[in-house]
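This briefing goes through one structure topic by topic. Please look at the sequence and the 3D view before reading the points below.

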There are 2 protein chains.
Amino acid sequence: MVYRYRAGAGPGPKEKGARDRILDAAVGLFGERGFATTTLKAVAAEAGVSAPLVVHHFGSKDGLRTACDAEVAGVFRTLKSDAVSRGSSLTMFEILVQFQQSRPLLHYLLQSIRDGGAQMDELVDQLVEDSLVYTADAEAQGLVRPSLHPRHRAVMLLLMSFGALSMHEQMKRLMGVSPIEDPPEAWGPYVAAVSEIFLYGVLRPEAYEELVALIEHHRDPDLSTARPHTAGEESLP
Amino acid sequence: MVYRYRAGAGPGPKEKGARDRILDAAVGLFGERGFATTTLKAVAAEAGVSAPLVVHHFGSKDGLRTACDAEVAGVFRTLKSDAVSRGSSLTMFEILVQFQQSRPLLHYLLQSIRDGGAQMDELVDQLVEDSLVYTADAEAQGLVRPSLHPRHRAVMLLLMSFGALSMHEQMKRLMGVSPIEDPPEAWGPYVAAVSEIFLYGVLRPEAYEELVALIEHHRDPDLSTARPHTAGEESLP
DNA sequence: CCAAGTGCTGAACGCGCGTTCAGCCGGGAG
DNA sequence: CTCCCGGCTGAACGCGCGTTCAGCACTTGG
């Protein structure tokens, strides 16, 4: 099974080069089973070549990983510039839809974001910056609520979104839907739950004081009654 | 380095049994570096014993993993019953605070939730059920907003929370705080961002129509203007 | 004092991994 | 035709893994 996610790489008569097939196979398997548990031989078999050829092209298994990182980051970049030239922004939803064409790539991405590494860190940085820009736009349009610290909010939203996706197996088990493996037509419950949370929040304003009390209590467990407000960073409107 | 998280296991004169030391070491290393990348020898060295002894006690490396799962699930259960007998509920915040005493355990938990497995799936189920109960309580007290589908909301909140935590390295990099590795005193920015999101939401109600239009547009990209409402599941109040 | 049992280890084994190497095949240049 | 050169392979190598095994030290029971 060869994944065809590159822009111009249709199922035309011209076969893909071996190098590209290896890269596809590696992204697929690394994303699915993890780097450590995937053998070079498995990658080679999936690509229809011999194991030594993988080494010949990428130097070593680690070299292959680096190439995969670069590949995924590259696809992501073109995805973004495509979105920009289409006039739409690369929201979480858009990312999810776009990557429908190549689920292995999304799997790989989720693993890599967690593991880190220079290439992926840079990609995440970029995601945060982009998110900040179009969140600011949307805020100007009255679609998004203002934040005390937009950057921190953007980071948390990103990590929560990707984090939940990275646990999509549990999601499938608990809600019956995996936005990664199921087609968009089936995303209903996922979209509904996420929309509800992000539209209205979860806690009522009345919970704020409870929250502060909880934190204060932990900070100084001797006091059973919360102090007025020592808070600095975590004070909320 | 031996992690002491068991209830009565202070640094008293009585040394821990080898079996327990192995278990601690395994939880720590599996949680830190993953199961596949951790060697039996490394576990043995950390526990101050020989590799064959590990096999002697747990049958195999997989047996060790199962025992770790059981161990972590067990600690979690006592944690919960402690919380209940204290009269407080095991919220996300509470979990985070409690696990300060044993960060390796939390690391292990996050990995295992993602990977699944009978033991951990059961634990996650329990977390969801518990969450449903105390969310209903809090809702009755007027602290939590009602939901169209409380279970789905609980699941998404759980996965988003744990998911974000599982990416705590990126969090540290991007916000300067990791609620897993830093002490609660430093959690300010994290708590602030999360509180803001969950208290007030992110999207304004005005964004709802945009959201529906986006989904409709994807469902039937030919229509540039969104249809009225075909929606079933994802309709929102 | 011996015999059996327990907890544990060092040495060794087999396996499968990533990697190396010598050489095959096919197509273009001289 | 001959030569060469790059893409590619099968066989082989060394290493480190999980696991096995024989046996040591120490306790326990008679």
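Which residues in helix α2 (residues 40-47) of chain A are buried? They are V43(A), A44(A) and A47(A). The model described here is predicted.

**Chain A as a whole**

- Chain A has eleven helices and zero strands.
- Read from the N terminus, its elements therefore run α-α-α-α-α-α-α-α-α-α-α.
- Of the 237 residues in chain A, 37% are buried.
- Among contacts in chain A with a separation of 6 or more, 50% are between residues 24 or more positions apart.

**Helix α2 of chain A**

- The buried residues of α2(A) are V43(A), A44(A) and A47(A).
- Viewed down the axis of α2(A), these buried residues lie within an arc of 100°, so they line one face of the helix.
- The cover over the buried residues of α2(A) includes α1 (18-33) and α3 (51-58) of chain A.

**Helix α9 of chain A**

- In α9(A), the buried residues are H168(A), Q170(A), M171(A), L174(A) and M175(A).
- These residues span an arc of only 150° around the axis, so they sit on the same side of α9(A).
- Within chain A, the buried residues of α9(A) pack against α8 and α10.
- From chain B, α6 (103-115), α7 (118-140) and α8 (150-166) also pack against the buried residues of α9(A).
- After α9(A) comes G176(A), which has a positive phi near 80°.

**How chains A and B are related**

- Chain A is superposed on chain B by a rotation of 180° with 0.0 Å of shift along its axis, and the RMSD is 0.0 Å.
- The two copies are thus related as by a two-fold rotation axis.
- Both copies use the same surface, as 100% of the contact residues of chain A recur in chain B.

**The contact between chains A and B**

- Chain A gives 65 residues to the contact, and chain B gives 65 residues.
- On the side of chain A that touches chain B, the elements that give two or more residues are α5 (92-98), α6 (103-115), α7 (118-140), α8 (150-166), α9 (168-175), α10 (188-200) and α11 (207-219) of chain A.
- The largest share of that side, twelve residues, is from α10(A).
- By class, the residues on that side of chain A are 39 nonpolar, 14 polar and twelve charged.

**The surface near DNA strand C**

- There are 14 residues around DNA strand C, and those that come nearest are L40(A), P52(A), S60(A), A18(B) and S50(B).
- Two or more residues of this surface come from each of α2 and α3 of chain A and α3 (51-58) of chain B.
- The surface near DNA strand C has eight nonpolar, four polar and two charged residues.

**The surface near DNA strand D**

- Around DNA strand D there are 14 residues, of which S50(A), L53(A), L40(B), P52(B) and S60(B) come nearest.
- At least two residues of this surface are supplied by each of α3 of chain A and α2 (40-47) and α3 of chain B.
- Eight nonpolar, four polar and two charged residues make up the surface near DNA strand D.

Note on methods
Residues are numbered from 1 along each chain as its sequence is written. Chains are lettered from A and ligands numbered from 1 in the order in which they are written. This is a predicted model: local features need pLDDT of at least 70, side-chain atom pairs count only at pLDDT 80 or more; totals for chains, interfaces and linings use all residues. Copies are superposed by least squares on the C-alpha atoms of residues with pLDDT of at least 70 in both. Two residues are in contact if their C-beta atoms, placed from the backbone, lie within 7 Å. Helices (H or I, at least four residues) and strands (E, at least two) are DSSP runs, numbered from the N terminus. Ala, Val, Leu, Ile, Met, Phe, Trp, Tyr, Cys and Pro count as nonpolar, Asp, Glu, Lys and Arg as charged, and the others, Gly among them, as polar. A residue is buried if 20 or more other C-beta atoms lie within 10 Å of its own, exposed if 12 or fewer, and partly exposed in between; C-beta atoms are placed from the backbone. The arc is that of the directions from the helix axis to the C-beta atoms. A residue is near a molecule or strand if its C-beta atom, placed from the backbone, lies within 6 Å of it.
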